[in-house]
Amino acid sequence: MSTLRALERRARWARICLRACALCAAALGFLLLRRLFGITCLFKFVTGISCPTCGMSGAVLALLEGDFSGSLASNAFALPVAALIFSLIFPELWKQKPFLCAATLILAGNLAYYIARMALGVI
């Protein structure tokens, strides 16, 4: 029985590591698109329309450089949405009601923020 639990625990950590690697690979792919081809948003590049997370990449890069005001200017929802993306590594969080409610509020707020910026012509 303890061997089975140990195997389940290893499998759980292996899944977490795989998700983390996939997230890092996506981030690396994004950085390569940005550096090599100047593509800052794949959605806008393909469709010509700003996506609901418009300005997110610039905001996250500003955060990584320590420029909090620049991050807010690019997209005020960058930090909460980035935290939600990071939380995809741990799917058990998404099964908890308080977390799911917070995630819903963050995504709804981001959508309202996107609509307001589109209406004002900011993006």
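**Helix α3 and the largest pocket**

Tutor: Start with the largest pocket. α1 (2-37), α2 (42-47), α3 and α5 each give at least two residues to its lining. We will follow α3, which covers residues 56-64.

A word on confidence comes before the details. This is a predicted model. The protein chain has an average pLDDT of 86, and 99% of the residues reach at least 70. Among the elements of the chain, α3 has the lowest mean pLDDT, 81. The highest, 92, belongs to helix α6, residues 97-120. Where pLDDT is low, predicted coordinates should not be read in detail.

Now look at the partners of α3. Take helix α5, residues 78-87. The two helices pack at an angle of about 95°, and their axes lie 10 Å apart. Angles of 65 to 115 degrees count as roughly perpendicular, so α3 and α5 are roughly perpendicular to each other. Which residues meet there? From α3 come Met 56, Ala 59, Val 60 and Leu 63. From α5 come Ala 78, Leu 79, Val 81 and Ala 82. By class, this contact of α3 with α5 has 8 nonpolar residues, no polar ones and no charged ones.

Next comes α1. α1 and α3 pack at about 100°, with axes 13 Å apart. These two helices are therefore roughly perpendicular as well. Phe 30, Leu 31 and Arg 34 of α1 touch Ser 57, Gly 58 and Leu 61 of α3.

Of the 31 lining residues, the closest to the centre are Ala 27, Phe 30, Met 56, Ser 57 and Ile 85.

Which helix gives the largest share of the lining? α1 does, with 9 residues. By class, the lining divides into 23 nonpolar, 6 polar and 2 charged residues.

Notes:
Residues numbered from 1 in each chain as written. Predicted model: local features only at pLDDT ≥ 70, side-chain atom pairs only at ≥ 80, totals over all residues. Heavy atoms only, no water. pLDDT = per-residue confidence, 0-100. Helix = DSSP H or I, 4+ residues; strand = E, 2+ residues; numbered from the N terminus. Axes fitted to C-alpha atoms, helices over the stretch in contact; angles between N-to-C directions. Parallel < 35°, antiparallel > 145°, perpendicular 65-115°, else oblique. Contact = heavy atoms within 4.5 Å. Nonpolar A, V, L, I, M, F, W, Y, C, P; charged D, E, K, R; others polar. 1 Å grid on protein atoms, 1.4 Å probe; cavity = no way out; pocket = protein on both sides within 12 Å on 5 of 7 lines; lining within 4 Å.
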